[in-house]
Amino acid sequence: MKNLVILGGGTAGTMIANKLRAKLGRHDWAITVVDRDDAHHYQPGYLFIPFGTYTRDQVVRSRHAFLPDGVELVLAEVDRVDPDAHQVHLEDGRTLAYDQLVIASGTTPRPDQTPGVMEEEWHRSIFEFYTLEGAEALRDALDGFDRGRLVVHITEMPIKCPVAPLEFTFLADAWLRARGLRDRVEIVYVTPLDGAFTKPVAAEHLGGMLEERKVHVETDFMVESVDPERKVLVSYDEREVPFDLLVTVPLNMGADFVARSGLGDELNFVPVDKHTLLSKKYDDIFAVGDASDIPTSKAGSVAHFATEVFVGNFLEHIAGRPMTGSFDGHANCFVESGDDKALLIDFNYDTEPLPGKYPLPGVGPMDLLKETRANHAGKLAFRWIYWNVLLPGRPMPLPAHMSMVGKRPPAAATTHTQED
Amino acid sequence: MPTTTIGGHEVHVDDEGFMTVYDEWSEELGKELAAQIGVDMTDEHWAAIRFLRSDFPEQGETATLRRVSTVAGIPTKQLFTLFPKKPAKKMAYIAGLPKPRGCV
């Protein structure tokens, strides 16, 4: 009997457990999932919590309910992986031996990494919405916010769901307008990038949407610290952005056990081959989902598409054959834009988000890079799909690889770069 | 792929002037590139540039500011002093490497 150990029972870990349990013989492979708790969060739902659209009950379920028979869920903190001994040490003293290991421990917001953030203004005028507790605290703060400067801020890339701060900004604008407060609130979007997004066509489009909404964009802002007393963000090049209400997207880092195990890069993400997700150092360790260092969005859609490719590769790998699947970095994100509309973007390692129709060329029903009600309906429907189709590993009628069919590539002359 | 002449050498560059062929670079060229963007190279500047050059072949991509600060031990604040305003891009430009990937 061989052991597959999956560290992390989130989006990637749960899908992998389900898909591989169906493929691997029960007498050949035991599958163990390790996580610190039994609460599976639908993280895309956090965005809607500050505006009262979703409540806690709608975004949390138990992890074990989504794991099939024949998968053991171990609730414990991981102390470290010993790759040479092929063992995982848990903080409670237990040791798990593995023949193959999948690291799917995601990425975590780390507000403690920016000086001044977690001091006296934390959860008074400084908030984040990447945890359920943070999103709920922000909901209460927004409730009493009726004037001043709302600053939405990204600390450093990469972040989980890179469109979420834009979505938060669009939703805040619409929410304030609906309450007749928009003209009393100044909204500022502060980013370390040189535009609203890095990919040129989408950056231009999303930047235009910020402009239409009279959101001031402060670009190339690398935050050094927050001064909680004066309520200002301070950058390394000594610019200051004052705030009354700061919504920051903290530095994102992979799990600390990854660093303790010597498996991580400078942000604790696991370096892997970007097409196979196999560790660059060890032949029996994969990293799937946000935990890896692949150069695409840290997002559930990526975890989903990557898992589809990973499962086939994994079966070849354990059979001693070369892996023939090649992940293309496919990401697919709904971007809420307020007033019950959303955009959809679809891209991969090589192709930036482009306008067009999805998933059926010419038909849609989704429009790419365009605000529509159908896209918003798709985003809301996705929560049901996530719990009922995606996590259980049921087939989704979406190809894992990105398709160019139905997209309109930019003419060379209209390609914009973000250089200033 | 366009080419340009820097310090008497013909080199391959992208649309924004970043060199595209790792082995076409030399420290002499680096100095010329630095001068073009108003950076006068000192030992401290070279420490950062040499780290970027040695890190690139191993990693297959240009080190981010965070990587330079954590792995090479040069504080981010100092990088902003050495290469004002846009240190990540300026360092990549001088080192003859692609712009570091920002977000995806």
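Visitor: What makes two strands pair in this predicted model?
Guide: The model is a predicted one.

Visitor: In which order do the five strands of the open sheet in chain A stand?
Guide: The five strands form an open sheet with parallel pairing. On one side only do the edge strands pair, and these are β5 (71-75) and β20 (285-287) of chain A. From one strand to the next the twist averages 20 degrees. The order in chain A is β5-β2-β1-β9-β20.

Visitor: Which residue of β2(A) is the bridge partner of A:Asn3?
Guide: Strand β1 (residues 2-7) of chain A pairs with strand β2 (residues 29-35) of chain A in the parallel sense, over six bridges. In β2(A), the bridge partner of A:Asn3 is A:Ala30.

Visitor: What angle does the direction of helix α1 of chain A make with that of β2(A)?
Guide: Helix α1 (residues 11-23) of chain A packs on the sheet, where it touches β1, β2, β5 and β9 (100-103) of chain A. With the direction of β2(A), the direction of this helix makes an angle of about 165 degrees.

Visitor: Is α2(B) roughly parallel or roughly perpendicular to α5(B)?
Guide: The axes of helix α2 (residues 43-59) and helix α5 (residues 87-95) of chain B come within 9 Å and cross at roughly 70 degrees. Angles of 65 to 115 degrees count as roughly perpendicular. Therefore α2(B) is, relative to α5(B), roughly perpendicular.

Visitor: How many charged residues take part in the contact of α2(B) with α5(B)?
Guide: From α2(B) come B:Ala48, B:Ile49, B:Leu52 and B:Arg53, and from α5(B) come B:Met91, B:Ile94 and B:Ala95. The residues of this contact include six nonpolar and no polar ones, and the number of charged residues is one.

Methods:
Residues are numbered from 1 along each chain as its sequence is written. Chains are lettered from A and ligands numbered from 1 in the order in which they are written. This is a predicted model: local features need pLDDT of at least 70, side-chain atom pairs count only at pLDDT 80 or more; totals for chains, interfaces and linings use all residues. Two strands pair if DSSP finds at least two bridges between them. Helices (H or I, at least four residues) and strands (E, at least two) are DSSP runs, numbered from the N terminus. Axes are lines fitted to C-alpha atoms, for helices over the stretch in contact, and angles run from 0 to 180 degrees between N-to-C directions. Two residues are in contact if their C-beta atoms, placed from the backbone, lie within 7 Å. Angles under 35 degrees count as roughly parallel, over 145 as roughly antiparallel, 65 to 115 as roughly perpendicular and the rest as oblique. Ala, Val, Leu, Ile, Met, Phe, Trp, Tyr, Cys and Pro count as nonpolar, Asp, Glu, Lys and Arg as charged, and the others, Gly among them, as polar.
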